[in-house]
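Work through the following exercises with the sequence and the model open beside the text. Each task is followed by a solution in steps.

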Amino acid sequence: MISAFKKRGAVLALLFAFALVVGACAEDESADTTTAAPATTTTAAPTTTATPATTQPPATTLPPPPEGNTVLACQVSDTGGIDDASFNASAWAGAQQAAAELEGVSVEFLESTDATDYRANIDAFIAKGCDVIITVGFLLADDTAAAAVDNPNQLFAIVDQSPGPFPPWADADGALLSDFANLRGLTFQTDEAAFLAGYMAAGASTTGVVGTFGGLPIPPVTIFMDGFVKGVAHYNSVKGTSVTALGYDSDSGEGLFTNNFDSLEDGRSFAETLVNNGADIVLPVAGPVGLGSAALCLDTGSCVIVGVDADWNNTAAEFSSVILTSILKNIDVSVYNTINNVLVLGSTGNLFNGTLANGGVGLAALQDNADRVSAELSGEVAALNDAIVAAGGLQAFLDSLVDAG
Amino acid sequence: MATLELKGITKRFPGVLANDQVDLKVSSGEILGLLGENGAGKTTLMNILYGLYGADEGEILIDGEPQQFSGPGDAISAGIGMVHQHFMLVPVFSVTENVVLGVEPVGFGGVIDMKEAKKEVRDISKQYGLEVDPDAVIEDIPVGIQQRVEIIKVLFRHAEFLIFDEPTAVLTPQEVEEFFGILNGLKEAGKAIIFITHKLKEVLEVSDRIAVLRRGAMVGEAEPATATENDLATLMVGRPVELVVNKETSDPGAAVLEVRDLVVIGDRDQMALAGVSFDVRAGEIVGVAGVQGNGQTELVEALTGLRDVTSGTVKISGTEVTHATPRQIHGHSVAHVPEDRQRSGLVMPFTITENVVLDAYYEEPYSHGISMDWKAAREKAADLVEQYDVRTPSTEIPASSLSGGNQQKVIVAREFGRDVKLVIASQPTRGIDVGSIEYIHERIVEERDEGAALLIVSTELDEVLALSDRILVMFDGHIVAEYQGGSVTAAEIGLSMAGAAP
Amino acid sequence: MTDEPKGEAPPEMNGDADNGEKSGWAAFMDDLTGVNVDWRSAVLVPVLAMTAALAVSVLIIVASDIELWRSFSISALGDSFGQAGSAMWALLTGSLGSLAAVSSTLAFAAPLILAGLSVAIGFKAGLFNIGAEGQMLMGGMVAVALGITIDIPVFLNVPLAIIGAMIGGGIWGGIAGLLRARTGAHEVITTIMLNSIAGLAVVWMLSTKFFQPEGRLDPVSEDIAVSARLPRLLGFLDRSDVRVHLGIVVALIAAYAIYWVLFKSTIGYEFRAVGFNPNAAHYGGMRVTWLYTSVMALSGALAGLAGMAQINGLLYRASPGFAAGIGFDAISLALLGRSHPAGVVAAGFLFGALRAGGIEMQVATDVPVDLISVIQALVVVFIAAPALIRAIFRVKTGEEIGQLTTGWGT
């Protein structure tokens, strides 16, 4: 067969290969830029880790890592892939930062192409001898829980999940399947930051209408929308105004959803609908779909955007002029922190619950649209931040209002 | 004066010598009739000439210059034009669009100049007497006109040598006459023409010289002035052939098929059948003559359950079957030889065996319940191939690899190869060779003599005249005339076919 | 088969000139299968296409190695080829190198084969079922619904899941068939639309109390009963990494059943007749519109089984998009297997091996798992363009695969 691979065939194959190379290079570049983007956001990470974490000993008090200690940290992505410009990428950015800054840390990842890969990938990493396996997203919850039960000596961390008395962590009767001492949940009270964003948006809106929409009606999405709407309601009750929040109803859980996480066109038309109903500030909670909304605002000048997950002034700098602020969900910080714990303490540490208090969530700094937010409003948001931290969380804060009222 | 010459062309397919040292020559202003049975190697020879196959030996010369054709494109640019038996037209395109396809005259900015194209089409049709409407859509125009479009297409590409592959197979008698007029016009305009056919009468009528091909080899040339049909048939088939159908006078029995006031709507929402009534009796062959497109197709489809009947009744052996399905009709011992064997008579990629059970696969012995019995089917196919002289190396080869005549024999074998009370055959010998025609005609008469009723629809007037005990002439959805077979001339029927009152 | 052509005139050779004379083993294969196939081309083309695809993949790995382009040298080139070599070796060991690897290949192959059969039977009847993905989802959801509500002994519960999934997928496919038969709506369009509807319907269903386990808010269903799981074939080994389950047996039985239906049954004869020539099928007394509906329903039922194999064999619960693109891979599979059940089985093992090997490749090298998709795509490119194969390998591969389906609006 090799001898049959004559000149003409070889030339043909080379031509073909060349075409593919060109394509592959182009792809690599784009991949670099997308993975590079979250990395820029992590430059702010050290400052946030410096703030005391309630559930963790402060980073500064950690003893120096034992000499010659090494950690192999391994991440399993969900089907979105490692460069999804979303939580997989954000977690990987934290891992890469750990590898770059911490002596002895090396990192690896496996991408899953479908749900049947999750367990296979986890098993492959166990076989490889990873010190800690970081899985990303609710889709991996079942397989991570099962693997953690099956391998009690293997350390795990999972983004956006934490063990509780319900499946997949417990049986149908609510009895935990294990103590999950080897597993750390990395969760984020994004509703706290979204609450601040809602308050700020209500104060900054000139039309008296703000809006939000989501990708799918699933908890990691609706928690943003819920906090945002509650923040608007709080503004109204404090100020006696009647700013309307479109797109989500906290009581029924119903709202506007694109039902996908990739159509920029949907992002545009959903934002347009909200704008047509009077909204001048829009919170899109659907990953890249929101970029379509930002494009609409940029084209029409009729709205500004509240970004999610990362600071969009960095990740979507071309839209800076229409970005009010962003609701930060610092997954990278939690991953970095977890790897550091494994390196220094030999364990993952307890549940990481990202809050305003520990810097796991927060609002990004105002930039181009800072003039929309009065100094007074800024002050109120900062005070609200402190109040939530002081109350020990958003729910406690809201409860204290009810008690007081 | 241009000359096209083939010298010593030999083409072998595995196990078959398709062309054996064939020599052929044609010059400007000349019509060469190329006669041969289907399977004699005519089509292979023309495909070599048209650049579709490479010859194993021999050469093609134009004006003495050897040519190298690696595809039809080369042949076309060398001035060779081919009008295929099966038209290569895009049904939803207009005449002009089809003509210019691939060689579109391009105007400013790369836009097709349809106006210019239309003008050229008009010019060509005027020059050669090829009357067509340049704006007509192909699927709406009759076959005869479609053929003209094919000719215009070839002339549009400046062909000097025109090859017609079985051009009259799809034409009505009138269209054939018109076509011969066109051929002569082309000849006088200085074109060299190769006219491939197996129809003796036609080749004698129009050719200047006749070459006969048998089993891949050139077996002789003949002068139309001196040769007779019998001479040619003997040359072509390799044995003496009966050209007339020998049959006893009929002895009709009770009516098997009774059609009353049948009204059927056609594909273009026209009234295809406007109240047709007739009987076909046992032991009788009724021929339906008429120019194509006067309701014959719809009549056959309505009788065989393939088309909805609007009003009127159809009875077979006294049972009403007006709205019966094809399968129910089949169940009344009706044989149906469809008009277009490739479109509906055969599943071309299926083997002969698979085709032989196409309308009986659900019955014993070919299936038991839902399970096919391929052994039984293969045995039946082998029987029929033997009995009906289908020339094939095996019953397990696809129908597509058979010649047209053998494909038709497969259909006839399938339909006649069981007990039938009524035969409905449409164009039973269209486009097939003399030997096969003779054979199929014998079978049709045999069925009659065994007591079946036969309805034969054909646009070949000679065929209708030769076979029929009774002749119905259709025009515009009506039966306009009825004649007794043997007592009527082609000229009389021809008048009725054109709509003149008898 | 080896008879000389009888009669006086040689047959006109319009089609494949080799038809009259098959070699001994090809004739044997015909006898074995009862099908008339150009075996040389049916086996040779896919094998060569696979070889070519792997060769091109090696070139891609080498050419996409950034280090190589930064500082080109012979040793760097050697390193790149070394990397490509280890990737290929990892593919091999990851799919066939151990009991766990083989079992993983078989576990991945089961839904692929079932979905591939679904598309293949559509092709045979001239229908292009792009909706296997949606039909998988619907079949799988029925299996989940049964699995979370019914807990009866395994020998009853598994067949129940199989039947339920076939009904679920069959209805979803049958809708497209019915639309085609009744209104002429092209199945390509309707199945694409039905895919979207199924995808969103799954998300909606998973957010209902019926499917969601108590206390959980993610769109992930409750686990199906243990008795509804497809039993692990090597369960007695008690190794969690040996995942091969009953699904592969179901797939092989289905493949044989489809083979039997297509080539040995009256309905299969009707399917193929309609696929090649609906006019002739109508002439032969077949109810063409009814056939379209039943082909699509059968096709959907097979896809539903694939969804069941995914759910009851590996996942044990549903999450959005659990069909994971298998319904689309199935189109490649059917092409690769030339719409013949045996070919689909072979292609299913191949794609299953690629998936299983892809994990090992990711672990052992830096080659991204996307390469697996590239290899699959390349195989299809080479299959769809036999001329390329002919040019590269200088072999005669017979005719092109030809028209697989009827055109738009016909």
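A disulfide is counted here wherever a pair of cysteine sulfur atoms lies within 2.5 Å. The model is predicted, so that local features need pLDDT of at least 70 and side-chain atom pairs count only at pLDDT 80 or more, while totals for chains, interfaces and linings use all residues. Residues are numbered from 1 along each chain as its sequence is written, chains are lettered from A and ligands numbered from 1 in the order in which they are written, and side-chain values use heavy atoms, with hydrogens and water left out.

**Exercise 1.** Determine how many disulfides there are over all chains, and describe each link.

*Solution.* Step one is the count, which by the sulfur criterion comes to 2 disulfides over all chains. Step two takes A:Cys74 and A:Cys130, whose sulfur atoms are 2.0 Å apart; the link is left-handed, with -85 degrees about the S-S bond. This pair links distant parts of the chain, since A:Cys74 belongs to strand β1 (residues 71-76) of chain A and A:Cys130 to the loop between α4 and β3 (132-136) of chain A, 56 residues apart; helices (H or I, at least four residues) and strands (E, at least two) are DSSP runs numbered from the N terminus. Step three takes A:Cys297 and A:Cys303, joined with an S to S distance of 2.1 Å and likewise left-handed, at -110 degrees about the S-S bond. Step four places the links along the chain: with bonded cysteines counted in order, the disulfides of chain A follow the pattern 1-2, 3-4.

**Exercise 2.** Decide whether A:Cys74 and A:Cys130 are buried or exposed.

*Solution.* Buried means under 20% relative accessible area, exposed over 50%, and partly exposed in between, with a 1.4 Å probe and protein chains only. By this criterion both A:Cys74 and A:Cys130 are buried, and both A:Cys297 and A:Cys303 are buried as well.

**Exercise 3.** Describe how helix α4 of chain A and helix α14 of chain C cross, and which residues meet.

*Solution.* First, the axes of α4 (residues 117-128) of chain A and α14 (residues 341-364) of chain C come within 10 Å and cross at roughly 40 degrees, where axes are lines fitted to C-alpha atoms, for helices over the stretch in contact, and angles run from 0 to 180 degrees between N-to-C directions. Second, α4(A) and α14(C) are therefore oblique to each other, as angles under 35 degrees count as roughly parallel, over 145 as roughly antiparallel, 65 to 115 as roughly perpendicular and the rest as oblique. Third, with contact meaning heavy atoms within 4.5 Å, A:Asp117, A:Ala120, A:Asn121, A:Ala124 and A:Lys128 in α4(A) meet C:Ile359, C:Gln362 and C:Val363 in α14(C).
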